[in-house]
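Dear colleague,

I am handing over the structure we spoke about, and I would be glad if you could look through it alongside the notes below.

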Amino acid sequence: MKIVVLSGAGISAESGLKTFRDSNGLWEGHDVMEVASPQGFSNNPNLVLDFYNKRRKQLLEVEPNTAHKALVELESGHEVVIITQNVDDLHERAGSSKVIHLHGELLKVRSTFDEDLVMDWRTDLNMGDFCEHNHQLRPHIVWFGEAVPLMETAIDEIATADCVIIVGTSMQVYPAAGLIEYAPEHASVYFVDPYPSIRSSERITVLAEKATIGIPKVVEWISNK
Ligand code: APR
């Protein structure tokens, strides 16, 4: 069976990383457009770099949780593809082997001159940190208003799923939220979120629970099927 997981910030909440839509549209005290848009970067690059420097440092101090780990168990016996909106690497650190980062990766940076020039980066990124062509480096993050280059790949994966698990996302940010529309009719869908944005139906099983409780349950159901 092919299982596609669509994860959002909620799966990493219990590892200690904050979700986005829980503080009146502010993100660590900032308007999202100020710190997560191309305009924000050109208006105040130091503020943006500092924001991501703090998040990068925090990421290196946290660990994957039971939910990330339970998803790895599905790989013995099934093809599993994780499509995540998260920029953290907690799925990889838990051991998941195929992870598609729709919104980029916090532990990578790229050239502002050539978007294909991407490199690993685990320390602070500052103004004056240049690529080999002498252009400023920026976080490898998809900001609001930017294209989502891996969207086509994600659509192809979900369109061939037999089972879809959605976890920890408010399903508010498009195009990611629209991915579920591409799941085939026959696919069973599980939705795990303590404040689920959709209701149970014939096709969708909703577990109004935290990821570390709900995901191990779903994994057990699937494994015993
Ligand atoms: N377990 C599971 N879900 C949880 C938990 C938990 N312990 N705690 C909170 N949640 C749920 C919330 O109920 C909410 O539905 O996680 C969801 C988080 O929603 P958002 O903060 O909107 O995160 P997400 O959907 O991933 O945001 C999408 O928006 O800001 C951009 O690019 C950013 O990738 C991000 C995108």
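The second largest pocket has a volume of about 310 Å³, where a pocket is, on a 1 Å grid over the protein atoms alone, an open set of points where a 1.4 Å probe fits, with protein on both sides within 12 Å along at least five of seven lines, and a volume is the space filled by probe spheres set on the points, which are joined across faces, edges and corners. Its lining has 14 residues, and Arg-110, His-140, Val-142, Ala-147 and Pro-149 are the closest to the centre; a lining residue has an atom within 4 Å of a point. Strand β6 (residues 104-111) supplies the largest share of this lining, three residues, strands being DSSP runs of E of at least two residues and helices runs of H or I of at least four, numbered from the N terminus.

Please keep in mind that this is a predicted model, in which local features need pLDDT of at least 70 and side-chain atom pairs count only at pLDDT 80 or more, while totals for chains, interfaces and linings use all residues. Residues are numbered from 1 along each chain as its sequence is written, and side-chain values use heavy atoms, with hydrogens and water left out.

The largest pocket holds about 830 Å³ of space and is lined by 42 residues, with Ala-9, Thr-19, Phe-20, Arg-21 and Ser-170 nearest its centre. The elements giving two or more residues to that lining are α1 (10-13) and α4 (45-59). At least three of its lining residues come from each of domain 1 (1-17 + 64-103 + 148-225) and domain 2 (18-61 + 107-141), with domain bounds taken from an automatic or database domain assignment.

Turning to the ligand, 20 residues are around it, and Phe-20, Arg-21, Thr-169, Ser-170 and Asp-193 come nearest; a residue counts as near if one of its heavy atoms lies within 4 Å. Among the polar contacts, which are pairs of N or O atoms within 3.5 Å, a ligand oxygen atom is 2.5 Å from an N or O atom in the side chain of Ser-170, while a backbone N or O atom of Phe-20 lies 2.7 Å from an oxygen atom of the ligand. For Gly-168, a polar backbone atom is 3.3 Å from a ligand oxygen atom. Of the 740 Å² of accessible area that the ligand has on its own, the protein covers 91%, by the Shrake-Rupley method with a 1.4 Å probe.

Finally, two backbone details: Tyr-174 and Pro-175 are joined by a cis peptide bond with omega of about 10°, and Pro-175 lies in the loop between β9 (163-167) and β10 (188-192).

With best wishes

Note on methods
Polar contact = N/O pair within 3.5 Å; in protein donor to acceptor, adjacent residues only side chain to side chain.
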